[in-house]
Amino acid sequence: MPELPEVETVRRQLAPLVVGRRILDGWAHPSPKFSSAPTAAGAVIEDVGRRGKYLLLGLDDDRQLVVHLGMTGQLRVRRGDDVDPYVRAWWALDDGRVLELHDVRRFGRLGVVPVGEYASLPTLAMQGPEPWDEALDAGGLWRATRRSRARIKTQLLSQRPLAGVGNIYADEALWRAGIHPARRSITKPQAERLLAELRAVLDQGIANGGTTLRDYRTPDGEPGRNQLELGCYGRAGEPCARCGTELRRTVIDARGTTFCPDCQRTR
Ligand SMILES: [Zn+2]
């Protein structure tokens, strides 16, 4: 699933292709997850922003076209009329190109809403601060984790302590911080370490154009390169790069999880 670095990579590539373009026409798959797409017609795309794993295309009529890529969603800009059965929504732009949401498994969704009105997108409305938000510090992260008794990895995936982290970057950051993913509480020094490692793995992911395991592609059709840099995620059975112990795979709250049983202690 695309996480913050993948969505940020899409944002950066998409912006120069669509900013300043007027949407002439739109079409959507009838599912309520996509059906509002045509209502963006007539507006000019002013900017392409991001919040957590959501893309926010600012329109010149005080609305936003909000897109969540789900598991397999890809935003692409193409020329001509390629008929592809997995396109769930498209927008014809005034330069003859077409912006489209291609989504094989249909876990993505979109909305065209007044700026900041996210009642119809509850996971966007309730998510925590951006990882680099100046107001987010280790003390704030620590207090946020203390409000819940859920396991630390599950808390990260909830988007509530901070926005944008999914399975890959949660496993990586917890491994680098030496925190067992099943812990239900962390200390303040651990929160400090965790925040630093979360920022580091997300920065690295962006620098590498995201992580491609299967479906993720940038708008120019290229896979990311960050899968080559992962130290823990997907490496169960291999020796830990830090201590040599065999990395182990387990399931935490229904999510596959890789960790080092030596570096990441439950106590
Ligand atoms: Zn280790």
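Trainee: Which residues are the protein donors of the zinc ion?
Mentor: In this predicted model, the zinc ion takes its protein donors from C240, C243, C260 and C263. Each gives its SG atom, and these lie 2.3 Å from the ion.

Trainee: And what's the geometry of the site of the zinc ion?
Mentor: That site is tetrahedral, with angles of 100 to 114° among the four donor atoms.

Trainee: How are the donor residues spaced in sequence?
Mentor: The pattern reads C-x2-C-x16-C-x2-C. Take C243 and C260 as a pair: they sit 17 residues apart and link distant parts of the chain. C243 is in the loop between α6 (188-207) and β9 (248-252), while C260 is in the segment after β10 (255-259).

Trainee: Of those two, is C260 buried or exposed?
Mentor: C260 counts as buried because its relative accessibility is 0%. C243 is partly exposed, with a relative accessible area of 32%.

Trainee: Okay, switching to strands. What's the order in the open sheet of four strands?
Mentor: The order is β1-β6-β7-β5, and the pairing is antiparallel. From one strand to the next, the twist averages 15°.

Trainee: How many residues of strand β5 are buried?
Mentor: Five of its seven, in residues 73-79, so β5 is largely enclosed by the rest of the structure.

Trainee: What about its pairing with β7, how many bridges are there?
Mentor: There are seven bridges between β5 and β7 (residues 97-103), in the antiparallel sense. To find a couple of them, look for L75, whose bridge partner in β7 is L101, and R78, whose partner there is V98.

Trainee: Which helix lies across β5?
Mentor: That's α1, residues 4-18. Helix α1 also lies across β6 (87-93) and β7, and runs at about 25° to β5.

Trainee: New topic: where does T211 lie?
Mentor: T211 is in the loop between α6 and β9. With a relative accessibility of 3%, T211 counts as buried.

Trainee: What does the side chain of T211 make a polar contact with?
Mentor: With the side chain of N226, at 3.0 Å. Setting aside neighbours within four places in sequence, T211 is also in contact with residues including E6, I168, Y169 and Y216. Q227 and L230 are among its contacts too.

Trainee: And helix α3, which of its residues are buried?
Mentor: In α3 (residues 138-146), the buried ones are A138, G139, L141, W142, A144 and T145.

Trainee: What covers the buried residues of α3?
Mentor: The cover includes α4 (152-157) and α6. Leaving out neighbours within four places in sequence, A191 is in contact with A138, L141, W142 and I186.

Trainee: So is A191 buried or exposed?
Mentor: A191 is at 0% relative accessibility, so it counts as buried.

Trainee: One last thing: how many residues apart in sequence are A191 and D137?
Mentor: A191 and D137 are 54 residues apart in sequence, and their C-alpha atoms are 9.1 Å apart in space.

Notes: Residues are numbered from 1 along each chain as its sequence is written. This is a predicted model: local features need pLDDT of at least 70, side-chain atom pairs count only at pLDDT 80 or more; totals for chains, interfaces and linings use all residues. Side-chain values use heavy atoms; hydrogens and water are left out. Donors are N, O and S atoms within 2.8 Å of the metal (3.2 Å for Na, K and Ca); water is not among the atoms, so sites may look incomplete. Four donors count as tetrahedral if all angles lie between 85 and 135 degrees; four count as square planar and six as octahedral if opposite donors are over 155 degrees apart and all others between 65 and 115; anything else is irregular. Helices (H or I, at least four residues) and strands (E, at least two) are DSSP runs, numbered from the N terminus. Buried means under 20% relative accessible area, exposed over 50%, partly exposed in between (1.4 Å probe, protein chains only). Two strands pair if DSSP finds at least two bridges between them. Contact means heavy atoms within 4.5 Å. Axes are lines fitted to C-alpha atoms, for helices over the stretch in contact, and angles run from 0 to 180 degrees between N-to-C directions. A polar contact is a pair of N or O atoms within 3.5 Å; within protein, one must be able to donate a hydrogen and the other to accept it, and residues adjacent in sequence count only if both atoms are side-chain atoms.
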